[in-house]
Amino acid sequence: MKRTLLIISSCILLSGCSEMDALVKKIPILKDKINSESRPQQQDNQATGTKDPGEPASQTNDGPVLEAAYFNEIAVEGGRKEIQNPDNFLVLVNKEFSLPVEYRPDDMVKPDIPFSFGEQDLEKSLIREEAARAIEAMFRQAKEENIEIYAVSGFRSYDRQNDLFDAEVRKVGVDSATQAVALPGQSEHQTGLTMDIAAKSTDLNLTEEFGETIEGKWLAANAHKFGFILRYPKGKESITQYQYEPWHFRYVGVEAATTMYENNWTLEEFFQQVKKI
Ligand SMILES: [Zn+2]
C-alpha cells in the first residue's frame with residue numbers, strides 16, 4: 001500500500017500521468033528522459049526565459065530521482081550501521097550497512113523453479129513473493145531459449161549466516177573468512193531478495209567459471225528484464241567489497257535493474273547517482 005502511494009505521489013509531480021503508468025513500474029525512478037518528454041511546458045518556459053514559481057529545480061535533466069523511502073534509514077547500534085527499513089525492495093546491504101539480527105521477511109514463498117537440491121523443503125528455497133514471481137518468469141524465459149539453470153540458495157537467516165561464518169573462521173582464520181563469507185547481518189541473502197543460480201555445465205557449483213558459460217552469460221544479459229541485477233560484477237570489487245560472483249542475483253524491480261544495467265552501475269553506484277526526493 002505504501003509503495004502504491006509513493007508511485008501516485010511521483011505521478012503528481014509530472015504531467016501526462018497516464019502515459020507514465022506504463023513506464024513507472026513498481027519502483028518509481030523517473031529518468032530525466034521521461035521527465036523532459038513529459039514536461040514540454042517547462043521547456044517552453046525556459047526558451048522564453050520565464051520560470052514557473054515553485055518548480056523544483058532538481059527535476060530537470062539531472063538523471064534519475066528516487067523517493068526517499070527507498071534509501072536506507074540507518075541507526076548506529078553497537079558500532080554497526082543498522083538498517084531500520086529492511087523491507088525496502090532497494091535495501092542496500094553490504095560491509096557498511098547491516099540488517100537487524102532478528103530481521104526475516106514475512107512474505108517469503110518457494111518459487112516454482114528447479115532447485116539444485118531437487119524437491120527437498122529447505123529454508124534456502126525461499127524468496128520474497130514479488131521476487132519469486134519475477135524469478136519464475138525469468139526461468140520460464142530461459143527455458144524457452146533452451147537455457148537450463150538451477151536455483152541454489154535464496155534466503156539465509158542471520159543465525160545460519162553466523163554458523164557459516166564461524167565454520168569458515170575455524171577453517172581459515174578470521175582475516176580470510178571475512179574476505180570470503182559475509183558477516184552475519186551483512187549477507188544479502190537475509191533480505192529474501194537474492195538467489196544464487198548455477199548450471200550443470202559447472203556441475204551446479206558456485207564458481208567464477210559460471211560467468212563464462214552460456215547460462216551465466218544469458219543471465220548477465222537478461223536478468224534486468226525481470227528485475228534482477230548481477231550484484232557483484234567483475235571489475236567492481238573495490239566498490240562492492242566482494243569478489244566477482246557471476247551466480248549471485250538480487251531482485252530490485254525491473255526499472256531499477258534496467259537503470260543499473262544500462263549505466264553499468266552496482267547498487268552502491270546507483271545510490272551515489274540517484275537524487276533523493
Ligand atoms: Zn549469493
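Author: Ground rule for helices before anything else: the expected span is 1.5 Å times one less than the number of residues. Helices (H or I, at least four residues) and strands (E, at least two) are DSSP runs, numbered from the N terminus. This is a predicted model, so local features need pLDDT of at least 70 and side-chain atom pairs count only at pLDDT 80 or more, while totals for chains, interfaces and linings use all residues. Residues are numbered from 1 along each chain as its sequence is written, and side-chain values use heavy atoms, with hydrogens and water left out.

Reader: OK, so how far does H5 reach from its first C-alpha to its last?

Author: H5 covers residues 129–144, 16 residues in total, and reaches 23 Å, close to the 22 Å expected.

Reader: And which residues in H5 are buried?

Author: Taking buried as under 20% relative accessible area (1.4 Å probe, protein chains only; over 50% is exposed, in between is partly exposed), the buried ones in H5 include Ala131, Ile135, Met138, Phe139 and Ala142. Just after H5, Asn146 has a positive phi of about 60°.

Reader: What about H10, which residues are buried there?

Author: H10 is residues 254–263, with Glu255, Ala256, Ala257, Thr258, Thr259 and Met260 buried. Asn264 follows H10, and its phi is positive, near 55°.

Reader: Switching to the metal. What are the protein donors of the zinc ion?

Author: His189 through NE2, Asp196 through OD and His248 through ND1, lying 2.1 Å from the zinc ion. Donors here are N, O and S atoms within 2.8 Å of the metal (3.2 Å for Na, K and Ca), and since water is not among the atoms, sites may look incomplete.

Reader: How are the donor residues spaced in sequence?

Author: The pattern is H-x6-D-x51-H. His189 sits in the loop between helix H7 (174–180) and strand S8 (194–198), while His248 is in strand S10 (residues 248–251), 59 residues from His189, so to speak linking distant parts of the chain.

Reader: Are those two histidines, His189 and His248, buried or exposed?

Author: Buried, both His189 and His248.

Reader: What order do the strands take in the sheet with S8 and S10?

Author: S7-S8-S10-S9, an open sheet of four strands with antiparallel pairing. S7 (150–153) and S9 (228–230) are at the edges with a single partner strand each, so one side of each has no neighbour in the sheet. Two strands pair if DSSP finds at least two bridges between them.

Reader: How many bridges does S8 make with S7 and with S10?

Author: Three bridges join S7 to S8, and S8 pairs with S10 over three bridges. Towards S10, Met195 has Phe249 as its bridge partner and Thr194 has Arg250.

Reader: Why call S8 largely enclosed?

Author: Because five of the five residues of S8 are buried. Thr194, Asp196 and Ala198 cover one side, with Met195 and Ile197 on the other.

Reader: There's a three-strand sheet too. What's its pairing?

Author: Mixed, in the order S2-S3-S4. S3 (residues 80–83) and S4 pair in the parallel sense over two bridges, and Lys81 stands opposite Phe97 in S4.

Reader: Last one: how many helices and strands in the protein?

Author: Eleven helices and eleven strands. Of the 277 residues, 51% are buried.
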